Amino acid sequence: MRYDVTHTTRYRYTDAVLLSHHVARLSPLTLPHQTCLSQEIEIDPAPAITRRHRDFYGNEMTFFIMEGAHHELRVTARSRVEVHRPAMPGPLADAPWESARDHEQLPLDVIEYAFDSPAIRPTEEVAHYARPSFTPGRPLLEAVLELVERIHADFRFDPQATTVATPLADVMRLRRGVCQDFSQLGIGCLRTMGLAARYVSGYIETLPPPGQPRLVGADASHAWLSVYCPGAGWIDLDPTNNVVPGEMHITLARGRDYGDVSPLRGVMLGGGEHQLSVAVDVLRLDA
Amino acid sequence: MNPTASGGSTVTSLLEEYRVRDGVFDEAFGAGRGLRPFCEPLFSSLDRLGRHELASRRENARRAIRDNGVTYNVYGDPAGSDRPWTLDMVPLPIAAAEWIRIEAGLVQRARLLNTILGDLYGPMRLVGEGVLPPSLIHANPAFLRPCHGIDVPGGVRLHLLAVDLARSPDGQWRVLSDRTQAPSGAGYALENRIVLSRSLPEAFRECQVPQLSAFFRAHRDGLAMLAPPLSRDPRVVVLTPGPLNETYFEHAYLARYLGFTLVEGGDLTCRDGRVFIKTLDRLQPVDVILRRLDDSYCDPLELRAESTLGVAGLVEAVRAGHVTVANALGSGLTETPGIAAFLPDLCRRLLGEELLLQPARSWWCGHPDDLTYVLEHAQDLVIKRALPHAAAPPIFGRLLTREQLRALRSALRARPEEFVGQREVALSVAPSWSGQAFHPRQAVLRAYVAVAGDSWVVMPGGLTRTGADDGEPIVSMQRGGGSKDTWIIGDEPPQAASLLPPAQVRVRREQHGTDLPSRVADNLFWLGRQVERAEQTVRLLRSFVTAATREDTAARTPEVAALERLLVALGAWPASAADDDVSLPSLEHTLTELFSPDGPESTLRAPLADIRRIAMSVRDRLSLDTWRILSQLQADFTLRRGRLQVDDVLQHLNQLVTDLAAFAGMEMENMTRGYGWRFLDMGRRLERALETARLVRSALAVANPVTTVLASLLEIADSSMTYRRRYFAEPQLPPVLDLLLGDTTNTRALAFQLNALTDHLAQLPHDDASAQVNHQAARLAAAAQLLDRADFAELGLTGEDQDYGPLLHLLDQMDEPLLGLSDALAASYFSHAEVRVSQ
């Protein structure tokens with residue numbers, strides 16, 4: 001499936017910003033099941049300098065500096081992406097979940113995701129919540145699917161309840177949140193069980209094909225999680241929609257938690273209060 | 001102590017009382033309790049001085065430390081943020097022959113840790129090949145992912161390494177910990193050396209102690225060499241978290257000693273991928289940043305977002321190769337306690353050498369065998385977090401109850417990879433001088449290694465810290481310990497060396513002192529204002545006390561009553577006291593309150609507190625003499641205790657006037673006429689102008705007739721002599737007005753201040769941003785003209801209704817441009833914009 005994604009972020013400041021520095025992670029990854037065909041980031045007003053790098057996690061990051069007073073900043077990322085349905089997990093995903101706990105068996109690039117991270121520091125409550133799904137000897141995939149289903153059932157989608165900085169403990173208490181909270185909670189659960197799990201930022205299709213329901217999280221950037229299964233590799237799961245991502249999920253970046261993949265962060269000098277608005281449009285192209 | 005066979009010592013008297021402890025390694029005394037031979041020159045020299053002389057030299061050393069403002073901020077200390085540094089009169093003695101071995105071990109350690117950092121921030125083979133357990137790196141908050149893959153000049157990440165060493169009972173030096181990100185203490189070591197070598201010149205000479213200056217020169221040159229090759233005049237800055245940091249004294253001290261500019265995060269800015277320092281008239285490129293900020297605080301954009309101590313975009317500037325940060329960002333990783341257990345193996349593998357300086361024997365609990373050992377021996381070990389963890393101090397097994405040990409063991413079993421067990425090093429002791437006698441105190445040596453080009457240089461000495469008392473298992477300045485100088489005692493005279501600039505230094509003539517950061521200009525401006533404000537209040541009080549005690553102290557003369565109202569109006573005297581009689585006891589009571597440490601807020605206490613705070617944050621810009629004067633000023637204000645007598649008070653106020661005059665003298669005669677001086681002087685002039693106008697205005701309002709206070713006004717404005725010389729008469733209003741307001745030759749007159757300000761403004765850098773200042777300068781010139789044209793004979797005429805309307809109107813016209821100027825300077829030259837982070 002091919003998509004055109006337009007992701008617009010707009011800051012409006014009450015006072016002029018004199019200088020600001022930003023890092024954007026707005027360029028979709030190219031993966032076995034996904035190809036980024038074209039990508040551009042338009043910044044208005046024009047930045048003084050722009051640089052692109054790959055970060056530690058392999059994501060493409062764009063660094064830019066805004067010099068000179070401005071009251072508004074608009075960053076528009078336009079990407080054309082082709083997505084295939086990821087390969088179905090192989091039979092190894094049916095191995096008992098305990099077999100994935102042994103860190104010594106994990107590939108080096110996976111171990112990074114097995115530990116606590118700045119935004120995911122699971123409490124005993126989180127471990128307590130996770131345990132019922134991980135009964136002894138249960139196949140990994142089965143256990144994880146159930147965990148994701150429980151999060152979907154127990155937590156209500158509520159964009160007013162949390163912010164990007166809400167800690168897990170508060171999400172546990174509120175039983176509300178958005179895709180970021182549900183993904184980080186799921187990751188926390190998996191890590192407390194000794195598994196490696198990572199955070200995926202991306203998009204889902206805005207207008208579904210006829211007959212299919214419109215998914216929650218469209219019109220904004222989306223997030224889900226990925227769990228490592230020895231032998232089978234990474235398996236993505238979307239706790240917000242309780243689905244296994246397929247052709248309608250477009251992967252932007254991956255990291256330990258939101259902090260590693262935040263689509264656009266900035267440090268502004270001046271500016272007073274700022275107002276942020278984000279618009280995402282994912283358009284399916286006729287094949 | 002009897003003369004010993006080994007040393008043939010004649011040292012007897014003072015050391016006789018010294019009790020060598022059983023089972024503990026004593027740095028000065030060997031087996032058989034005899035003085036170690038190499039220590040003999042030191043102790044025989046100390047002994048020759050004798051108890052009284054040592055006591056007096058110690059007092060001198062203390063004074064030197066206080067006068068030089070050597071402080072150490074103790075977090076959470078209610079006694080104030082800066083505590084005087086404590087230095088013992090006995091240095092830690094180390095034999096030159098032994099030092100050679102330590103030195104080799106330190107250099108090896110620097111090479112090793114630098115190589116480890118190079119691998120972990122590069123190919124990560126040590127993790128890939130299973131040499132280091134992945135959890136020590138991947139679970140480690142000190143592993144800064146954004147810094148991975150960044151190349152550094154010459155492959156050097158550690159430009160300065162500090163190693164805490166302690167000697168175990170077997171006589172071997174063991175490493176307690178490494179400081180690899182922003183090691184502190186080198187400046188204190190230098191100051192200790194300067195003070196102690198001056199206090200004990202005889203001993204210092206006899207012991208043939210090598211000097212420290214060559215080390216600092218190597219460190220300085222090593223940093224300057226890091227500048228990109230094209231940079232002809234490399235600019236190195238010292239980045240400090242600011243005056244509240246525990247070792248801020250040292251940041252300012254080293255910056256001044258090494259000749260680098262001291263900056264805070266807000267003084268730097270990243271533009272075009274480069275780092276600049278924000279000075280008054282332009283941005284100046286920075287080549288090298290010697291940072292005293294911890295890793296994660298250096299860049300709110302890519303590192304810890306909550307902190308604005310750092311510089312947004314710094315990581316990217318480093319990545320682009322435009323600036324070098326020393327030590328490299330992320331180098332705190334090798335402070336990870338869990339890595340220590342692997343160092344012997346890493347040394348063999350990476351350097352092909354045996355590790356010379358062994359750490360205290362450590363077990364990483366992530367290995368099942370090690371866990372078993374630690375569980376079995378927990379009661380005898382020190383248990384630490386394997387990863388850097390600020391909130392978790394080491395646990396001493398021997399201090400735990402049975403219950404606590406059980407809890408510890410279950411924590412170890414639950415997450416074994418998070419802990420290391422370490423054999424406790426029973427620290428050696430060294431003699432310390434208590435003021436009366438020598439006592440053994442536990443000692444830990446912090447040694448330093450710096451990189452200079454492609455070689456490593458060890459500081460011949462270091463900072464020795466001593467335990468507060470015998471029970472405390474951790475030796476730390478934060479916990480109230482003391483410090484010692486460290487003397488390498490040799491058989492040969494050391495090579496002379498001092499901190500000279502390298503050969504070809506080009507003459508740099510800076511007309512304006514252009515490297516003045518805006519923040520510093522701001523601070524100097526306010527320093528000038530507060531010093532002037534303090535002086536005005538002191539003079540007011542002095543005039544009042546003089547008048548009140550002149551002849552008949554029981555009666556309230558009209559003059560005293562008017563003066564008291566004047567002081568109340570100007571905020572220098574509590575209104576509550578004004579209703580009391582002016583009897584001596586009540587006067588003394590009020591004055592005692594004004595000067596007591598917990599007295600009321602006053603127009604004297606507030607500026608003095610500000611002077612202290614501001615001076616602290618610009619101390620690298622103040623000469624040592626100036627600093628001493630300001631310290632004296634604070635001491636003279638706070639020294640007095642108990643009830644004050646009136647004649648004490650006068651003496652006290654006279655002393656404060658003298659201190660303030662000394663500061664003004666330093667300002668006039670000892671400061672380069674750069675922007676720094678201009679802003680300091682503008683602050684003073686602006687404040688004096690405002691205060692003079694207020695003084696006259698208030699006097700007219702409270703004194704009826706005003707003639708009762710004219711003599712005091714002249715006194716307050718330091719113009720009595722001039723008046724007497726000029727008029728030979730009792731003070732009258734018109735000539736007083738002329739002298740205090742209109743006389744452009746009187747340095748205390750309002751007109752003089754306006755002219756001085758106008759001159760300063762003409763010399764400031766001008767660009768688009770300074771339009772506001774230009775506007776205020778024009779208004780100021782207009783005000784000066786009004787003064788010039790004023791007819792004080794007319795204005796000072798006392799009408800029947802005591803109405804000085806035209807005069808008051810004239811004074812009001814002075815205020816506006818002055819206050820407007822203060823705001824305009826802030827808007828144009830001082831950067832106050834706030835930093836915000838959006839995630």
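In chain A, 76% of the contacts with a separation of 6 or more join residues 24 or more positions apart. The model examined here is predicted.

**Exercise 1.** Determine whether the radius of gyration of chain A agrees with that of a compact globule.

*Solution.* Step one takes the chain length: for 287 residues, a compact globule would have a radius of gyration near 19 Å. Step two takes the value for chain A, which is 19 Å and therefore agrees. Finally, 47% of the 287 residues are buried, a residue being counted as buried if 20 or more other C-beta atoms lie within 10 Å of its own.

**Exercise 2.** Identify the elements of chain A that touch chain B, and state which gives the most residues.

*Solution.* Begin with the totals: 28 residues of chain A contact 27 residues of chain B. Next, assign them to elements: β1 (2–27), β3 (49–54), β4 (60–83), α1 (108–111) and β11 (264–270) of chain A each give two or more residues. Of these, β11(A) gives the most, with 6 residues. Lastly, classify the residues on this side of chain A: 16 are nonpolar, 7 polar and 5 charged.

**Exercise 3.** Describe how β11(A) pairs with a strand of chain B.

*Solution.* First, locate the partner, strand β23 (residues 835–838) of chain B. Third, name one residue pair: A:Met268 has B:Arg836 as its bridge partner in β23(B).

Methods. Residues numbered from 1 in each chain as written. Chains lettered and ligands numbered in written order. Predicted model: local features only at pLDDT ≥ 70, side-chain atom pairs only at ≥ 80, totals over all residues. Contact = placed C-beta atoms within 7 Å. Helix = DSSP H or I, 4+ residues; strand = E, 2+ residues; numbered from the N terminus. Nonpolar A, V, L, I, M, F, W, Y, C, P; charged D, E, K, R; others polar. Pairing = 2+ DSSP bridges. Rg over C-alpha atoms; globule rule 2.2 N^0.38 Å. Buried ≥ 20, exposed ≤ 12 C-beta atoms within 10 Å, placed from the backbone.
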